[in-house]
Every structure is written in C-alpha cells, then in structure tokens.
Amino acid sequence: MADTVESNISEGSNISGASISKDGNRPLVEVNLVKWHFIMGIAFLLVSMLAGFLYSLQFMQIYPLKGIAFFSPGRWRFVHTNGVAYGFIANVFLGMLHWVVPRLTLRPAASRSLGYFIFFAWQGILVATVIGLLMGQAQALEWGETPVWIDPVALLGLILVAINFIAPIMKVSGPLYVTMWYFMAAFVWTVLVYAMGNFLPEYHMNGVAAGAIGGLFIHDLVGLFVTPLGWGMMYYFVPIILRKPIWSHGLSLVGFWGLAFFYPLNGIHHFLYTPIPMFLQYGAVISTIAVELVVTTVIFNFFMTLRGSGDMLRRSIPIRWFYTGMIFYFTTCFQCAFQTTLTFQQIIHFTDWVVGHAHLVMFGVFGFWLLGTMVYLLPRVLGRTRWYSESLHEWHYWITAISMLVMFFDLTIAGLIQGYMWKELASWESTLKASAPFWMIRSISGTAMIFAQFIFAYNVLMTWLGKPSKEAAMDRAVATDEEGLAPA
Amino acid sequence: MLESKSGVFFVAGLAFFGIAFIVMGALPYTIYRGLPEESVADMIQEHGIVPEFVELAEKFPTQFKEYYGECNVESFEAALRRGHRIYIGEACWHCHSQFVRPVSKESSRWGPVAHAREYNNELQRPVLFGTRRVGPDLSREAGRRSNDWHIAHFYKPTNVVPSSVMPEYSWFFDDDGYPNRDGMAIIMYVQWLGSWIDEYPYYLGEGPKGPGSAENIDMSGVE
C-alpha cells in the first residue's frame, strides 16, 4: 500500500505527535488518546458483534445459553446495538477527533487531563451500561436503552467532549474548513439530541407526543451525531490521501447546510401510520426525500474528487473503505427516500427490511469509514511505519464487504416476504417458517463478518507488537535478488 | 455566515435543531396536551381488574399470597407495574409491537386500529409502539389466550408454538415450575394489554361484534 508508506515519510515528524503546538510545549496531538480510543473501539466492535451473533442464534432455535437470565437473548440485543453506537462508533470517533481537530486548528484540545478523564469516564459508562442492560434495567428508548441512572452521567460526558474540542476551534480566526462545520455542529447536536431523547419521553411527555420525540431521537442519533462526524472525517481524510482538494466547495456548502436543515425534520418517519398528526408524518416524508437530494450532491462531489485517481481504490485500503461506504451511503439514502413513503411503509414496517437497512447504515457506511480511518491512522499512532500484513487487509475488506452485502439483501428480501405474508393474513407460524432460511443466512453472513473483524484485530495486534511483516521480508528478498541480478 | 464559527454554532447547531424540535416535537405535544396522562390506578378504576388476575389468585393461592397478598386493586397495580418493567428490561418490545396500523388488513388480524388515547397512560412511558414484529402485536392480546397458555408458553414457547423463536424464560418460574412474582407480573401485563377496549378479545378475522370491532371497520380505501 504505497500511499501509507509515502504519507508516513512526509508526515514522519508527526508519527509520535512530536510537532509542537502554537499554544506552548504541549504536543499537538495526544497520540496515546487516539490509540486507546481506537483499541477500545475495536474491543467493543468485537463484543457487540459477538452479542449480535449470539442473539441471532435464537432465531434458529439453537440458542446455547438457555434459561440463564444474564444471557437472555433480548438483553444481548441491547448490548449489540448500544455497544455498536456508544462503544465502537463513539470510541473510534473520539480517537479520530483527537487526531483531526488539533491538526486542523493547529491547537491541542482544551485540556490533556480532560481528554484522559473523558476516556476513562466513557469506558466506565460503557461497562456500566452493559452490566445494567444485562441485569434487565433498560430504558424503553431504541438506541438509548442505557439505564436511566446512567443517562445524566453520559450527557455530562458528551458536554465535556464538546467543550474539549470546541475550545481549539473557537481560537481559529476566519472561515472554517468543511470538516470543522460538521464537527462543530455535531458537538452541539449530540448534546441536544441525547438530552431530548433520554429525558423528555421518560420524565416530561407521554403517549403519542413522546413517540414523536422518540422518533426524533432514533433518527437524530444517526443523523446528527454519527453522520456529521462521519462526513467531517471524509472531508478531512479523502483529500489528504488522494492529495488533492475536494472537487467543489459550493457543493460542500450545499451538502452541509442541506443536511443541517432537513435532517432534524425527519424523525417522525419512523412512526408512520401512528396517531401522530398526519400532516407531520407527510412533513417528515418530504424532508426525508429532500435529504436524499442533498446526499446526492455530496456523493457526486466526492466521486468527482476521486475522478482521475480511480487507481487509489485498488492501491489504498482506506480510500477503498471510504468509497465503498459512500456507495452504501447512497444506497441507504436512496432506499430511505422510498421506504419512508406511506406506500412502502404498508409492507415493510416492522419487518426485517428495516433491520437490513439499519445494518447497512451503521456498519456498511459508518463502520466502513471508521475501519478505513483506523487502517490509515493506526500505524501512525502505534509508532510503526507499516502494517504487519497488507494481504490481511485485503481479506478483511473483501470478507466484510461481501458478507455485508449478503446480509443486506437477505434481510431486505426477508422483509418483503414477511410484509406481503402479513398483508395476505397468512398464519403467524407460516411467516416464521418462511423467515427461517433468511435468518440462517443472516447468522452465516454475520459469522463471516465477525471473522473478518478478528482478522483485522489480529493485524492490529501484530502491528502493535512490532512483529516484522511478511511483505517487508519479501520486499527485502526481492531487492536482494535484483541487486544480485543487476551486474549481469 | 455559511463558513463561520458563529454561523455553524448558532444557525445550524441551535436554530435548525430548534426549528425541527418545535415543529416535530413541541407541536404534537401541544396538540395532545388536552389528553391528560392516566395513572395505572386511574386505568384500573375505569376498566376494572382483568378476570385473569382473579384466576391466577385462585389457581396458585399460596404463591399468589406470598408475592402479591390479597387479590385487589393495589396488588393488580403492583403486578402491572412490575410486568411493565420486565417487558422493557427483557426487550419484549424489540420483537412485539403495541400498535395496530390502519393498513395491510391489520385490523382483521389484531383488532381495532390504535388510538391516541390508548398511549396516554403511565405504562406507555416511553411509548411502546415497538420497532419490529418477530412475534405478534400485543396491544390486543388481553383475554385472547388463557393464563395456562401463557404459563406454558413463557416456560418453553416451542412446546406451544413449534416454530416460535421466542426465548425460554425459565427465570419467571420457581423451583416447582409455578410462575413466580415476575412470571405472574408479565402474564398480567400481557393479559391487560387491550383490556380497556369495550369488547375484547379479538381473534384473527372474528373479533366481537359491536362498534369499534374488527368487522365494523371500513376497510375500503386503506388497502
């Protein structure tokens, strides 16, 4: 992977974050924080995927840990979704922010010790969440099942994160780069969304009105926390790796402001046909379609940026993860523009179609982007010049991408079958029988996906331990051969 | 404004979020403010204790006395609250909806379409519309099946429904195989869902006759 090596040379002085910030003697990037957030992110990725796999066995009636309350499949489903959102995605994002924000602002985060405090506090919150969920203390808010007594602590953590990273941004004068728009907005939104979703329906509102807030929370968690951090990350890493600017700054503006305006209006599309006033349901559907149009401009901008550098899809693993994620992003948003219409909702609501969509968004898009970012940054933060193995990256990528696609199509088809069978008033048991083969394929593709992440984790570990890479040995062998042949 | 700190912070971050919150959150809240939230005690006073609770007390007198004391309004309320907590903690709401939609012939299968007032009570905090139907909708479950069916089903669902993918909840039972405090609570919660509708239970395609029943809903135009 030529680009990693090249970039390593050009950024050599920064491998250990050695460059000194404008503000004094503190290193610009607190490399250890990047490293440990990544490591914990990978750990939670493996835990939550195993939780999902365990839970999926119940669907094949072969759950191995029957009759133990602590291993109740339903409780492990909580661990699966919350582990992915707050353990994997949030951790890797935090690591990425500790790298990107100081480099773009040329100032370190507000406080070094605050960064470490947030790191330990966040892991504590995660462990407490997992234990609370496994003890049956969930809150009935999807993606926010965190037990109610942890919510205020988690919110405080998010506020501290915002303070830590907004501080250096505030010191920058003049217009901000695209990445900073997304990050800055994401810090504000995440705090607001978390407070709104976790407290209002539990303590202040009830019934259908609280349902509307729940819909906003589910949607905004993806749309206003994960999505802006993800796109901000793309606007930073894609130009750096491709070594050229984003194709159109105007389209970047359209993308950001379009997303900022339309995304928060989407939430109610999760609860169509409920007693929530119909005009609001129509409003949510229309703004969802508007988001799809905005997304098209962003995707177009990024593919025009790639134009002329298509070879990088082959040569650079991070670019490959990023652009595969973008194709999936376009797919999910395109799908979204249709599936939120009332026509599609009749059939697909409550079916596995939605589960397939959620997996493609959370893993196929943001998971892929975060994996790409880690592939790019991990050798740097681990103080290595190259990965232990490039071929393991190929295996990781191809197994993950193929099994992701298999799972997506499998669940989408299953959803259509379930929806139509329900509509035809088929007996409930016959719909279960019809779903059984799809649930088996889901578990198999999930197994492949988890296997691929273990390949990645192994590669990370070997790189961290500084094991000599196979490719490096081969390069040397080839070089010696060539030298030997040269005189002849 | 478009690329400045204050523009992003105040306009995109605060204002756009605020507009969406007012339109999509505060507006439905004001619309439904006239519908006051009912407490569990209010609901019981209005609709009574479900007969299945009395049956449970008669069938397992020793256990019932130990867990809930007398069979009265207070003990029924305690059972419902406990059942609701279990329903959330065990993720029942991730595989069962509580929401009959006005489309896809759902009223033939489950019973009357969901109404806003059904969600304005303490045990819908936060609201339990549900997200996925691996198992059936439960909002019209009251009286549809017997206590005995539920006891057998919670213990080992495949004994009753061979193709069921519902987990076994053996921790709802004591060492002798009788439902324990949690078991009685979750069964009561499920037997209560939909009992506030004038006529129940509902079965596929043969709901009770009368206003609001499955047969009387005009299905034309919603397919």
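**Close-up views of the predicted model**

**View 1. Confidence along chain A.** Chain A has an average pLDDT of 91, with 91% of the residues scoring at least 70, where pLDDT is the predictor's confidence in each residue, from 0 to 100. For residues 1-18 of chain A the pLDDT is below 50, and beyond near neighbours in sequence this stretch has 30 contacts in the model, two residues being in contact if their C-beta atoms, placed from the backbone, lie within 7 Å. Residues are numbered from 1 along each chain as its sequence is written, and chains are lettered from A and ligands numbered from 1 in the order in which they are written.

**View 2. Packing of helices H3 and H5 in chain A.** Helix H3 (residues 73-105) and helix H5 (residues 151-170) of chain A pack at an angle of about 15°, their axes 9 Å apart; helices are DSSP runs of H or I with at least four residues, numbered from the N terminus, and axes are lines fitted to C-alpha atoms over the stretch in contact, with angles running from 0 to 180 degrees between N-to-C directions. H3(A) and H5(A) are therefore roughly parallel to each other (angles under 35 degrees).

**View 3. Residues between H3(A) and H5(A).** The contact is made by A:Leu94, A:Leu97, A:Val101, A:Pro102 and A:Thr105 of H3(A), together with A:Val161, A:Phe165, A:Pro168 and A:Ile169 of H5(A).

Methods:
Predicted model: local features only at pLDDT ≥ 70, side-chain atom pairs only at ≥ 80, totals over all residues. Helix = DSSP H or I, 4+ residues; strand = E, 2+ residues; numbered from the N terminus. Parallel < 35°, antiparallel > 145°, perpendicular 65-115°, else oblique.
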